[in-house]
Amino acid sequence: MSVDLHSNYVMTIGGRSVAGGATIDVVNPATGEVFAQAPDCTKAQLDEAVATAKAAFKSWRAVPIEQRQAAVRKAGDILLAHADELARLFTREQGRPVDAAKQEIQGAAMWLHAVAAMSPPTHVVEDSPQQFIETRYVPLGVICAIAPWNFPVTLAMWKVAPALVAGNTMVLKPSPFTPLCTLKIGELFRDVFPPGVLNIISGGDELGPMMTSHPGFAKISFTGSTATGKRVMESAAKDLKRVTLELGGNDAAIVLPDVDLDDVAQKIFFGAFFNTAQICVATKRLYVHESVYDGLRDRLLAIAGAVKVGDGTEQGAVLGPIQNKRQYDRVMNLLEDAKANKLTLLQGAGVPEKGYFIPVTIVDNPPEESRVVQEEAFGPILPMLKFKDIDDVIDRANASDYGLAGAVWSKDVTKAMEIARRMETGTVWVNQNLQLRPDTPFAGHKQSGFGVENGMEGLLEYMVPQAVYVARA
Ligand code: NAD
């Protein structure tokens with residue numbers, strides 16, 4: 001199927017192109033200017049999407065799993081075939097420089113391929129002359145999938161792949177800030193999935209709550225902020241929809257005194273600032289042993305001074321803008337608060353005046369209770385904090401309502417692993433960061449989430465066990 005990726009953005013409902021009742025503006029964050037319109041889904045169109053997904057569920061669940069897996073695999077091939085073009089569109093709507101945008105499309109394709117190789121288990125509990133008992137897993141029904149703007153394609157495919165392999169059908173909504181790539185992927189996938197299996201709709205702030213309160217969904221799979229996640233769970237409670245919530249984080253990294261600073265500085269820098277620090281699992285609090293604090297701070301600052309922040313379509317740009325005005329205002333508010341409290345701010349290279357740009361900022365050893373330490377910045381402000389004592393720093397790292405991920409840096413891997421195991425987070429890295437895999441569960445502890453994505457655990461979240469008891473003569 002030939003799809004023009006750069007104009008005419010439509011929803012996919014029942015395998016057909018559907019324009020919204022109205023449109024929403026899509027802004028290029030590198031310029032602050034509107035460059036496209038996306039459909040604004042009406043209530044009637046949402047009803048139609050749910051109804052068509054419900055109708056498709058009857059046949060899709062009966063399709064042999066090998067065929068469903070083959071379809072998901074082919075969806076991955078299609079993403080790969082369009083990676084260059086999708087990456088250009090991605091940069092315009094999301095802001096991330098083109099090379100890194102392409103990596104996201106390729107990563108999403110890899111995810112589809114990997115999940116397409118997964119099958120839910122069947123357990124035989126008893127196989128005797130008296131009876132046969134097995135536990136198998138069956139799909140849930142129509143899934144409501146809601147994605148954020150920071151990794152719009154990957155995080156949507158984290159939901160599409162397991163849900164569809166499991167035999168569910170879906171209505172997927174991208175963020176109003178980054179709807180375009182997802183809408184075009186909906187068009188590209190029409191050749192792969194039967195009509196109604198994967199519906200993609202877009203709209204403004206009202207559409208999310210309209211979806212989560214819709215009685216036609218069996219489950220909500222949501223990725224976004226903790227505040228919104230709580231609203232989603234509340235809304236799901238009315239008819240006991242299943243929920244998987246992947247929410248915010250305020251990840252701590254702990255740097256021990258024995259590190260080779262030249263070796264780790266670059267890795268720690270990009271673990272905090274890649275995607276302009278708009279990553280749920282980015283390092284957001286950097287605890288550094290006092291003996292290496294100054295050395296690491298100076299190295300991070302030198303990298304910040306050399307990294308080009310700019311329009312992602314420009315040659316050499318490594319970090320792009322903040323993705324949207326709302327988030328830009330939030331991050332600026334945190335910066336103002338830091339300034340008002342006379343915290344020491346160390347800034348990297350200058351940024352363009354136009355667009356939602358903020359320079360890379362390191363906050364030099366602020367008090368633990370300052371907002372910039374306690375809140376998830378989700379923007380390029382990194383508090384660096386000194387520590388002396390291991391038990392004390394682990395307590396400080398764990399003193400958070402969040403529990404998404406964390407990292408420990410040391411040449412002594414055994415010691416680092418001991419510390420890592422004491423961190424109250426769903427993922428913890430030693431001498432690396434940001435790595436997530438389709439075959440490994442990703443689960444936020446505390447208020448960072450509810451349920452699991454990825455791994456067999458993630459696949460089974462789209463299914464429910466069915467125990468089959470068969471009497472034998
Ligand atoms: P957000 O909560 O503002 O929005 C996420 C999605 O929810 C969007 O599609 C939005 O339109 C929709 N939405 C908004 N209000 C809703 C409501 N009341 N009911 C239903 N849907 C609603 O989050 P965001 O600003 O797009 O994303 C940034 C946040 O997401 C950060 O906190 C980040 O840490 C988190 N995040 C978590 C993960 C993870 O896997 N744990 C991954 C990426 C981002």
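Me: Which residues of strand S15 point one way and which the other way, and are they buried or exposed?

Reply: In this predicted model, Thr361 and Val363 point one way from strand S15 (residues 361-364), while Ile362 and Asp364 point the other way. All of them are buried.

Me: What makes S15 a paired strand, and with which strands does it pair?

Reply: Two strands count as paired when there are at least two bridges between them. Strand S14 (residues 345-347) and S15 have three bridges, in the antiparallel sense, with Val363 of S15 as the bridge partner of Leu345. S15 and strand S16 (residues 381-387) run parallel and are joined by four bridges; there, Asp364 stands opposite Met384. Both counts meet the requirement of at least two, so S15 pairs with S14 and with S16.

Me: Where is Asn365, and what is its phi?

Reply: Asn365 lies in the loop between S15 and helix H12 (371-374). Its phi is near 45 degrees, a positive value in a residue other than glycine.

Me: Why is Asn365 called partly exposed?

Reply: Its relative accessible area is 34%. Buried would need a value under 20% and exposed one over 50%, so Asn365 falls in between.

Me: Why does Lys342 count as exposed?

Reply: Lys342 has a relative accessible area of 74%, and the cut-off for exposed is over 50%. Therefore Lys342 is exposed. Its place is in the loop between H11 and S14. Lys342 is not a glycine, yet has a positive phi of about 60 degrees.

Me: Why are Phe189 and Phe193 called an edge-to-face pair?

Reply: By the rule for ring pairs, the count comes to eight aromatic pairs. In the pair of Phe189 and Phe193, the centres are 5.9 Å apart and the planes are at 75 degrees. Ring centres must lie within 6.5 Å, and planes over 60 degrees apart count as edge-to-face, so both conditions hold. Phe269 and Phe270 also form an edge-to-face pair, at 5.0 Å centre to centre with 80 degrees between the planes.

Me: Are the residues of these two pairs buried or exposed, and how do you know?

Reply: Buried means under 20% relative accessible area. Phe189 at 2% is therefore buried, and so is Phe193 at 5%. Phe269 is buried at 0%, whereas Phe270, at 23%, is partly exposed.

Me: What makes Lys184 a charge over the ring of Tyr9?

Reply: The charged end of Lys184 is 5.1 Å from the centre of the Tyr9 ring and sits over that ring.

Me: What is the volume of the largest pocket, and what lines it?

Reply: The volume is about 1,100 Å³. The lining has 41 residues, and Phe222, Gly224, Ser225, Thr228 and Arg330 lie nearest the centre. H8 gives the largest share of the lining, six residues. By class, the lining residues are 18 nonpolar, 14 polar and nine charged.

Note on methods
Residues numbered from 1 in each chain as written. Predicted model: local features only at pLDDT ≥ 70, side-chain atom pairs only at ≥ 80, totals over all residues. Heavy atoms only, no water. Phe/Tyr/Trp six-rings, centres within 6.5 Å; stacked < 30°, edge-to-face > 60°. Buried < 20%, exposed > 50% of the residue type's maximum accessible area, 1.4 Å probe, protein only. Lys NZ or Arg CZ within 6 Å of the ring centre and 35° of its normal. 1 Å grid on protein atoms, 1.4 Å probe; cavity = no way out; pocket = protein on both sides within 12 Å on 5 of 7 lines; lining within 4 Å. Points joined across faces, edges and corners; volume = space filled by probe spheres on them. Nonpolar A, V, L, I, M, F, W, Y, C, P; charged D, E, K, R; others polar.
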